[in-house]
Amino acid sequence: MRIIICVKQALVAYTELKAAEGELHPVDPVNAVNECDLNALEEALLVRNKFGGQVTAVTLGPLTSLDVLIHSLAMGVDRAIRINPEGIPLANPFCVAAALADVIKTLEYDLIFTGVQAVDDMFCQVGIQVAEQLGLPHVFAAMRVEPDPSRQLVTVAKEIGEGLLERVEVQMPAMLTFQSGINQPHYVSVLKKMQARSKAIQTVTLGDTSEMTQFRGKLKIVGISRPKRVRTAQIIGGKPEDIALKLLEKLTEAKVI
Amino acid sequence: MKHDAQDVWVFAETGPDGVKPISLALTSRGRELADTLGVGFSVVLMGQNLTTSANQLLTYGADCVLVADDAELQYFDGDLYAQILVNIVRERRPSFVLFGQTYKGMDTAAIVAAKLRMPLISNCVELQTKDGEVVIKRLMCNSTVVVNVQPVNLSPLLLSFPEVALRVGIAKMSQGGTIVPSEVKTLVRDVRIKLLEIVQPTNGDVDISKSDILVAAGAGIEKKENLKLVEALAEALGGTLACSRRLVDKGWLPTSRQVGLSGKTVKPKLYVACGISGAVEHIAGMIGSSMIVAINKDPKAPIFHYADYAIVADLNDVLPIMIETTKGKRIT
C-alpha cells in the first residue's frame with residue numbers, strides 16, 4: 001500500500017491577529033500539526049504497518065511548516081515533501097487543492113489521507129477538492145478504514161451526522177478525509193525527533209500554473225473582526241463562592257431550577 | 001415567472017420530518033439576499049417523494065423550487081447530487097449558491113466547487129453587498145476570529161453557512177412560486193462508492209434530548225477524574241450529564257451523551273457548558289437551549305458568544321462550590 005498523507009501546519013494560538021496585504025498575520029503564533037491531519041497520519045502508518053508499503057507526507061506551507069514534516073518523519077513516514085507556497089493564493093481553497101494535486105499526480109499511490117478540515121483556515125474542503133481534481137472518489141468524515149489490497153478495495157465507516165455512520169466500499173485509488181479524534185497518535189520521543197531532523201525533505205516549487213494566475217487577487221482578506229455575539233452574556237465574576245451564589249440566584253429567578 | 005441568470009440559489013436538504021431546519025433558515029437568508037440584490041430566488045431540492053418539502057420551501061419565500069425527484073436519489077450520493085447540481089448551475093447560471101454546513105451540504109458543496117473550478121467559501125457568518133461589491137465574513141482560527149473576504153469576479157459564488165450563523169427560518173405567505181421538476185437525466189452512473197449499510201447509534205443509557213437541564217463537559221475539564229465534578233453538578237441541578245465530541249473521542253463517555261452535529265441536537269431549558277470551547281459543530285447542537293451558561297478559563301473561547309451567563313474561571317475552583325451551594329439551596 002502506497003499512501004500519501006496531506007498534513008498541514010495550523011495556527012493554534014496567538015495573542016493578536018492582524019490583516020494586511022490580503023493575509024492574516026498572527027502575533028506570537030503557536031503552530032502545531034493540524035489535529036485531524038495527525039489522526040489521518042497515524043491511520044496511514046497503521047495501515048502501512050499492517051499491509052506493508054510506503055507513506056509519503058506532503059505539506060504546503062512556509063519554511064516554518066518543515067516542523068510538521070519533521071514530526072511526520074519522526075512518527076514514521078518514509079518520505080516528506082514540502083510545497084513552496086510562493087505565488088499560491090493560500091486564501092483560496094481551490095488553489096491550495098490545485099497545488100497539492102499538481103504534486104500528488106507525480107507520485108504513486110493507492111490511498112490519499114488527510115483531515116476533514118484545518119483548524120486555522122476552516123476551509124473544510126481541500127481533501128475533496130484534491131480528490132476531484134485528481135479524478136478520484138473520496139470519503140468525507142472517515143472514522144475507520146479496512147483496506148483489502150487483493151481486491152483494490154477499501155471499506156470505510158464514515159460519519160453522516162446525528163450519531164449515524166455509513167459503511168461504504170470504495171475502489172482504490174481513493175481519498176479519505178478523516179475526522180479528528182479517531183485514534184491516539186503515538187508518542188514521538190525527543191530522540192526520534194532529533195533523528196528526523198537529519199532526514200531528507202524534498203521541496204517543490206510549482207511553476208506559474210493557470211489556476212494560480214487566474215485566481216491571484218480574487219479572494220482577498222480585507223479586514224478582521226471579533227465574532228459577533230449571538231447572545232450577550234452577562235459576566236458573573238468574583239470569588240468562587242460569589243459566582244456560585246450569583247449563578248444560583250439567576251437560575252432560580254429564571255425558574256430553570 | 002422569469003428566472004434570470006444572476007439568481008440566488010439555496011441547496012436544501014430533506015429528511016423524514018421534511019425540510020431540515022438549517023435549510024429552512026438558509027432559505028430565509030437566501031430570500032433576503034435575493035431581495036437586496038433585486039434578483040430571483042430558487043431552492044434546489046433532491047431526493048425522493050419531495051412534493052411536501054417543495055411546497056414547504058415555497059412558503060419560506062422561494063420563487064422557484066428546482067426539484068430532482070428520483071428513486072436513484074433516495075440515499076445521498078455526493079457524486080450524483082453534485083453532478084445534478086453542476087448541470088443545472090451551468091444551464092441556469094445563478095450568481096450565488098448557498099449551502100448549509102452539514103455532512104451532506106459540505107460533501108456536495110466541495111465537489112461542486114471542484115467541478116466548477118471555484119473555491120467554496122465556507123464557515124460564512126454574514127454577507128454584505130454594496131454597489132455590486134460583495135464582502136463575506138467568515139470564521140477562522142477555531143472560530144476565534146471573523147475575517148472579511150472580498151471575492152472579485154467569482155461566479156457563481158459558492159458559500160456555506162454553519163447553523164450558528166443562521167436564524168430560525170421564518171415562513172412567509174406563499175408568493176405564488178413554482179415547482180420546476182429538474183430532469184434527472186439518467187446520468188451515466190459510475191458508482192464509485194457503494195453503500196453497504198447505515199449503522200444506527202447504539203442506544204446509550206440515557207436520551208439527553210429529553211432532559212430539561214444538561215450539564216456538558218468538554219476537553220477543558222482536562223482530566224477524566226474531573227468528569228465526576230461535572231456529573232455531580234448535573235445531579236445537584238437535577239439534570240443530566242452531556243459532553244462535546246472530544247470526550248467521546250477520548251472514550252470517556254459514550255456517543256449517546258454527545259451534543260453537536262455528529263451527535264444529538266438538544267434544546268433544554270438550561271445548558272451549562274463546562275470547559276467547552278465552542279466549535280461551530282458543537283454550537284449547532286445546543287444553540288436552541290433556552291438558557292446557556294458557559295464556564296471556561298479562556299476568556300477568548302467562542303462559547304461565550306452564545307452564552308447568557310459567562311463565567312471565566314477554572315472549573316476546579318468553581319465547580320465544587322457550585323455543587324455545594326446548589327445542594328444546600330435544594331435542602332433549604
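In this predicted model, the largest nonpolar core holds 137 residues, and among these B:Leu85 and B:Tyr271 touch the most other members. The element that gives the most to this core is helix H3 of chain A, spanning residues 93-104, which supplies 10 residues. Around B:Leu85, once residues up to four places away in sequence are set aside, the contacts are B:Trp9, B:Phe11, B:Val44, B:Met46, B:Phe99, B:Thr108 and B:Val112.

The aromatic rings can be considered next. Searching the whole structure, over all chains, gives five aromatic pairs. One of them joins A:Phe113 and A:Phe178, whose ring centres lie 4.8 Å apart with planes at 65 degrees; because planes over 60 degrees apart count as edge-to-face, this pair is edge-to-face. A:Phe113 belongs to strand S8 of chain A (residues 111-115) and A:Phe178 to strand S12 of chain A (residues 174-178), so the pair ties together parts that are 65 residues apart in sequence. Both of these residues, A:Phe113 and A:Phe178, are buried.

Rings also take part in another kind of arrangement, in which a lysine is placed over an aromatic face. Within chain B, B:Lys250 lies over the face of B:Trp252, at 5.1 Å from the ring centre. Between the chains, the charged end of B:Lys300 sits over the ring of A:Tyr14, at 4.6 Å from the centre of that ring.

Conventions: Residues are numbered from 1 along each chain as its sequence is written. Chains are lettered from A and ligands numbered from 1 in the order in which they are written. This is a predicted model: local features need pLDDT of at least 70, side-chain atom pairs count only at pLDDT 80 or more; totals for chains, interfaces and linings use all residues. Side-chain values use heavy atoms; hydrogens and water are left out. A nonpolar core is a set of buried Ala, Val, Leu, Ile, Met, Phe, Trp, Tyr and Cys residues joined through side-chain atoms within 4.5 Å. Buried means under 20% relative accessible area, exposed over 50%, partly exposed in between (1.4 Å probe, protein chains only). Helices (H or I, at least four residues) and strands (E, at least two) are DSSP runs, numbered from the N terminus. Contact means heavy atoms within 4.5 Å. Rings of Phe, Tyr and Trp (its six-membered ring) pair if their centres lie within 6.5 Å; planes under 30 degrees apart count as stacked, over 60 as edge-to-face and the rest as tilted. A charge sits over a ring if NZ of Lys or CZ of Arg is within 6 Å of the ring centre and within 35 degrees of the ring normal.
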